[in-house]
Amino acid sequence: MTDQLVQQIVNGLLIGFIYSLIAIGLTLIWGVMNIVNFAHGDFLMLGMFTSFWLYTLYGVDPLFSIPVCTALLFVLGLLIYRYIVSKVMKGPMLAQLVVTFGISIFLANLAVFLWTPDFRLIEKPLLHGTWDIGSIKLSVPKFVATIGSFIISLFVFLFLKKTKTGKAILATEMDREAALLMGINTEWINSLSFAIGSALVGIAGAFLSTYYYIYPQVGGSFGLIAFCVVALGGFGSIEGAFIAGIIVGLAQTLGGFFIDPAYKYAIVFLIYLITVWIRPQGLLGW
Amino acid sequence: MRNLTFKQISSGIVALILLILFPLVFQKPFPQHVMILVFMFGMMAVAWNIMGGYAGMFSFGQVAFFGIGAYTSSFLLITYHINPWLGLVVGGLIAALVAAAIGYPCSNLRGHYFAIASIAFGEIVRTHFNNWKLVGAAEGMTLPMLEESFENFMFHSSKLPYYYIMLAFLIISLVVCYIVATSKMGYYFRAIKESHDVAKVLGINVVWYRLIAIMISAFLTAMAGTFYAQYVLYLDPESVLILPISIQIVLISMLGGAGSIMGPVIGAAILMPVSEITRVMLGHKGTGIDMIIYGALITLISVYQPKGVWGLFSNIGKRAK
Amino acid sequence: MSRKEDKMETKKLRIIVFSLLLVLFLSVSVHSQPKVIKIGAIYPLTGNLATTGLDCKRGVEMAVDIINGKYDLSLPLAKTEGLPNLGGAKIEIIFADSKGDPKNGMAEAERLVTQENVVAVIGAYQSAVTKTASQATERLKIPYVCSDSTSPTLTERGFKYFFRAECTDTIFAKNQFEFIEDIKKKTKSKIETVALLYENTEWGANVGKEEQKYAKEFKYKIVADIPYSQNATDVSSEAGVLIKNKPDVLLHASYITDAILYTKTFKELGFSPKGFLTMAGYLEPGYLGTVKADGNYMVVRSTFALDLAKRKPLVAQVNDLYKKKYGMEMSGNAARSFTAPFVVAEAINRAKSTEAEAVTKALMGTNIPGDQIINPWKGIKFDPNTHQNIYATGILVQIQGEQYHTVWPFNMASKDIIWPFPGWKK
């Protein structure tokens, strides 16, 4: 029985770290400009497809396509912010909520149009297979994704805390007006944050593509969980998103195993509700 | 009817007459179906608007009330042969109670936190119904084909009665919205939307009025649910409890103009025909073009007309004075 | 507001009003067409089940090609162009996208009948959509022939105009247990426990129910009964529960997305029961196309298999045509949807009329012999009360060498079944 418990904890962590990585990009965008990027899951999908096409057409292993995914999604985020989202920033909150939703529908169906709704899989990434550690089975691609997610999160964390630009982003997150007064070009920070957030989820897509199947609507399921993770961790809090991702991963897996798999997502949502009832600003939000 | 200009009343009457004549002129079931969807989603958008556009609670979980309404009246009809009109009222009341039960602990939640909580709530309700054997779990429920009559709330030979009933429901919801908006309650809602703290200072019982807004919204949404069940004669969690329905309701309100009475109706009048027509004309190719257009449309409207289409009318109306 | 802004606002308003009117007009226009016989086909052509819907669409189009053209095939109406009893009139299929939503099924059925003037409707793959669509055609008194939805409730409604050529989930579920009995005898092995794993919407839940019924009847112990949400991000918990309970055989009812995810997860976590008895999703071209060799040894319920060609050359001939047209082998889904147009056209031809009552009467008397269909049935003949095809039976195919081979009933098998499951290849 303890074997099963450990196995499920391992599984929970593996999926949790991916949730964390996806959520970090989302919370950055959210925290800085108070925009719920409903298209976040679709950026994930684009990251996955980028990785897939590089693999299929040029034989590039997903790990090596990470730089390309990063760059591509960074630019995409920048363009979408510049030409679409920035125009809604002065509008009512509802318009901001809805515009990313429109982008989401557009991107998902553009993918259907360009690549058909068929399912794709990267069959043999460089690091594949399963390690047997005692009686615990550890999926290699998932493990690599976990390590990668951890490293990237650390990197983002250091960037925000230690570099000048990073600190400017944090300052804008905390108090926009004060940041303006301090001479920070908040519009530029917005663009940058949106671009970075998109790039991060693009990287998550590259990792995910090593073991999950790829298709135009894949953004839906991960996107929904990502919102829950971000809200649970507290909007704008990178640490919060990171921890919440792991909590959600564990809740989903352990809850599904010990209580009932049919309710596993309901359990995640229930945890969110209970958390915000006690602490309305999420775990580490302000 | 205070505060209504002659222009508003007369254009309302003209619109009403046109809508009444519509199915008599366009006798095919498809356009009638499209209009029924416009009324149904319009009603749910108006209901959403009461708590969202006016009281500032952006709910992405309205589908839960829709489903509760549909399931309650259908369950009572199938199991206890209770008249669906009575079931409608019961469904509405249960939805309102559930709304209060979930709304109370969420009283402190603002903006995005509330939105995500509403999604969580909707999903929990869906999962629950999906596994609840009493109401058919994932297999759903099929309504018996009763003799067609107003009393049975079921019609087989023509869509006309459905059309007029749904139109009547929509008008009821608009009247409710109007009363709420122009009453002191509406003033309180708007104050709460602006700022909870300011509202409290003004002596407004924020928690209480939030609950009222949610309950009214839930009741009306549940009514639409009962209508749906009586109209389609089949329901399962995948058709009456899914997130995309909640999202569509928000989109419609926003597109039409949240915070105005007619806005959501305009939104429904645009979005429903567009999505139906694009599906009919382009969906069968399977290329996704219909949804690309839909997504682009939503994006464009958000960017260029964020106050919604109603914003266009009200601006022009102002000029006319 | 400035004059310029005023103009802009009025312009926007005009655009919107005009678009609305255009949209309204389009919704009402009746298309005028040259003299053909129109049949409506409703499928999920976009949305989550798009790959399946498009697969079904291919099957239907292939059938219509054969009916309208001149082919030396032992299929009804193949050897003539169009319907000979109606002056060679051709069939035209009007496709409609259900998006998997039952209310769209209803609306599209109504629209197809009242505006496109179809004389019959086929489809819709998802039983929930078929339910509402056929309810609409029943109200409109138009025949509906379904060859791809398996929910037993569809033929338990006492409808006059609804006919189903395909098997029901009841039959499929029973097949699975009949098979287990057979394999027990054949391999002289012990099989006592089963696990039920099924996607938790209308279809899967019904399959689960039928399987529970037959497990009890055939006296097998259900050690795990797991309904799950479609499109999961991760299925470790479900796999964990299965591994913990160690069933002898796993019965899995899933759509394609979950089939892929489960296969990968089972391999990753090393879940190896004696055998996998699966449905639906495992039959889709996308499944093997994605999981490749990991799909080997899966046993899938079907009503079609390419190797039936050994007994029925017709199957190979049709598959060749299909391959030529679409560049891929005919799948189980396409084969299912392929049947309905023939049933409808054959009835219309026999009735010498497209009139609803005449066609329905003809359908009641349909008796297509087994050698004129690609399915492994004795034929197509509808029960006078339920309108269920009395000859519809299921077969089981197994994936070997990344191809589907008939393995059961044993007397129809083209290859020996590989049982028990030999384990996952690294």
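How many helices and strands are there in chain C? Chain C has 12 helices and 14 strands; helices (H or I, at least four residues) and strands (E, at least two) are DSSP runs, numbered from the N terminus.

This is a predicted model, in which local features need pLDDT of at least 70 and side-chain atom pairs count only at pLDDT 80 or more, while totals for chains, interfaces and linings use all residues. Residues are numbered from 1 along each chain as its sequence is written, and chains are lettered from A and ligands numbered from 1 in the order in which they are written.

**View 1. The overall form of chain C.** The radius of gyration of chain C, taken over C-alpha atoms, is 23 Å, close to the 22 Å given by the globule rule for 426 residues, so chain C is as compact as a globular protein of that length. The globule rule is 2.2 Å times the number of residues to the power 0.38. The C-alpha trace spans about 80 × 65 × 40 Å along its principal axes. Of the 426 residues, 59% count as buried, meaning that 20 or more other C-beta atoms, placed from the backbone, lie within 10 Å of the residue's own.

**View 2. The two domains of chain C.** The assignment, which is automatic or from a database, gives domain 1 (37-167 + 311-380) and domain 2 (170-302 + 395-412). Their C-alpha centres lie 28 Å apart. In domain 1, 17 residues are in contact with 16 residues of domain 2; two residues are in contact if their C-beta atoms, placed from the backbone, lie within 7 Å. Helices H2 (50-68), H4 (127-140) and H11 (332-351) of chain C each give two or more residues to the domain 1 side, and H2(C) gives the most, with three residues.

**View 3. The contact of chain A with chain C.** Here 29 residues come from chain A and 30 residues from chain C. Among the elements giving two or more residues to the chain A side are helix H1 (2-33) and strand E2 (136-139) of chain A. H1(A) gives the most, with five residues.

View 4. Strand E1 (residues 130-133) of chain A and E2(A) pair in the antiparallel sense over four bridges; two strands pair if DSSP finds at least two bridges between them. The bridge partner of A:Thr130 in E2(A) is A:Ser139. The hairpin has two residues between the strands, and A:Gly134 takes a positive phi near 65°.

Terms used
A residue is buried if 20 or more other C-beta atoms lie within 10 Å of its own, exposed if 12 or fewer, and partly exposed in between; C-beta atoms are placed from the backbone.
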